[in-house]
Amino acid sequence: MNESCTIKPLPLFKGERRTYSGILQPFADHVHDHYVFGIVREGERELALNGELLCIKKGSVLVFNPGDAHGCTQASESPFSYDSFTVAAEILDGRRFDFPSDANELLCKQLEEVFCLLDKGLEDDTLDAFASMRRTEEDRR
């Protein structure tokens with residue numbers, strides 16, 4: 001499998017949609033000035049997030065806040081595939097999200113809906129689905 005990364009702009013989010021596939025290379029520690037929301041599709045990696053080491057695998061939901069230091073390395077022979085989208089910090093008013101390592105089934109389903117709408121190019125509808133997902137996260141607290 002060849003390594004690939006597809007990037008599509010998301011103007012309403014002031015961000016982008018990224019799809020990584022067949023990745024074997026490590027990602028060095030880095031930070032962003034935006035949010036990243038994602039789901040691991042294949043593979044297993046060791047993730048360093050703000051100094052904490054975590055294992056991520058197929059089905060793991062990830063959220064990186066602006067300024068979160070993160071990087072990862074391969075933890076299995078299976079290539080890594082990952083879907084994500086970014087949202088500008090000002091759209092979410094600088095709010096902090098917890099890393100949802102224990103994300104509930106509803107939140108995962110809502111995130112999948114967001115990806116489905118993004119893949120169909122329905123960014124307006126995606127904003128509504130994303131707002132619903134955020135309300136669910138706030139209700140969990």
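Guide: We start with the naming of elements. Helices (H or I, at least four residues) and strands (E, at least two) are DSSP runs, numbered from the N terminus. N50, for instance, lies in the loop between β5 (44-49) and β6 (52-57). This is a predicted model: local features need pLDDT of at least 70, side-chain atom pairs count only at pLDDT 80 or more, and totals for chains, interfaces and linings use all residues. Residues are numbered from 1 along each chain as its sequence is written, and side-chain values use heavy atoms, with hydrogens and water left out.

Visitor: What does the secondary structure of the protein chain come to?

Guide: The chain has two helices and nine strands. Their order from the N terminus is β-β-β-β-β-β-β-β-β-α-α.

Visitor: Why is N50 called partly exposed?

Guide: Buried means under 20% relative accessible area, exposed over 50%, and partly exposed in between (1.4 Å probe, protein chains only). N50 has 46%, so it is partly exposed. Its phi is positive, about 50°, although N50 is not a glycine.

Visitor: Is K14 buried or exposed?

Guide: K14 has 55% relative accessibility, so it counts as exposed. K14 sits in the loop between β1 and β2. Its phi is also positive, near 55°, in a residue other than glycine.

Visitor: What makes β1 and β2 a pair of strands?

Guide: Two strands pair if DSSP finds at least two bridges between them. Seven bridges join β1 (residues 4-10) to β2 (residues 15-23), and the two run antiparallel. The hairpin has four residues between the strands.

Visitor: G15 is in strand β2. Why is G15 called buried?

Guide: Its relative accessible area is 18%, so G15 falls under the buried limit.

Visitor: Which residues is G15 in contact with, leaving aside neighbours within four places in sequence?

Guide: Contact means heavy atoms within 4.5 Å. On that rule G15 is in contact with P9, L10 and T86. G15 and A88 are 73 residues apart in sequence, yet 5.9 Å apart in space, C-alpha to C-alpha.

Visitor: What makes a nonpolar core here?

Guide: A nonpolar core is a set of buried Ala, Val, Leu, Ile, Met, Phe, Trp, Tyr and Cys residues joined through side-chain atoms within 4.5 Å. The largest has 21 residues, and F37, F85, V87, L111 and F130 touch the most other members. β4 (34-42), β7 (61-64), β9 (80-88), α1 (105-119) and α2 (123-140) each supply at least two residues. α1 gives the most, six. Another core lies apart from it, with 13 residues, among them V36, L47, L54 and F64.

Visitor: Why is the pair of Y35 and F37 called stacked?

Guide: Rings of Phe, Tyr and Trp (its six-membered ring) pair if their centres lie within 6.5 Å; planes under 30 degrees apart count as stacked, over 60 as edge-to-face and the rest as tilted. By this rule there are 12 aromatic pairs. Y35 and F37 have centres 6.2 Å apart and planes at 25°, so the pair is stacked. Y35 is buried, at 0% relative accessible area. F37 is buried too, at 2%.

Visitor: And why is the pair of Y35 and F97 called edge-to-face?

Guide: Their centres are 5.6 Å apart and their planes at 85°, so the pair is edge-to-face. Y35 lies in β4 and F97 in the loop between β9 and α1, so the pair ties together parts that are 62 residues apart in sequence. Ring pairs link F13, Y35, F37, F85, F97, F115 and F130 into a cluster.

Visitor: How do you know that R95 sits over the ring of F97?

Guide: A charge sits over a ring if NZ of Lys or CZ of Arg is within 6 Å of the ring centre and within 35 degrees of the ring normal. R95 lies over the face of F97, at 4.3 Å from the ring centre. R41 lies over the face of F115, at 5.6 Å.

Visitor: How many disulfides are there?

Guide: A disulfide is a pair of cysteine sulfur atoms within 2.5 Å. The count by this rule is zero. C55 has 51% relative accessibility, so it counts as exposed. C116 has 37%, so it counts as partly exposed.
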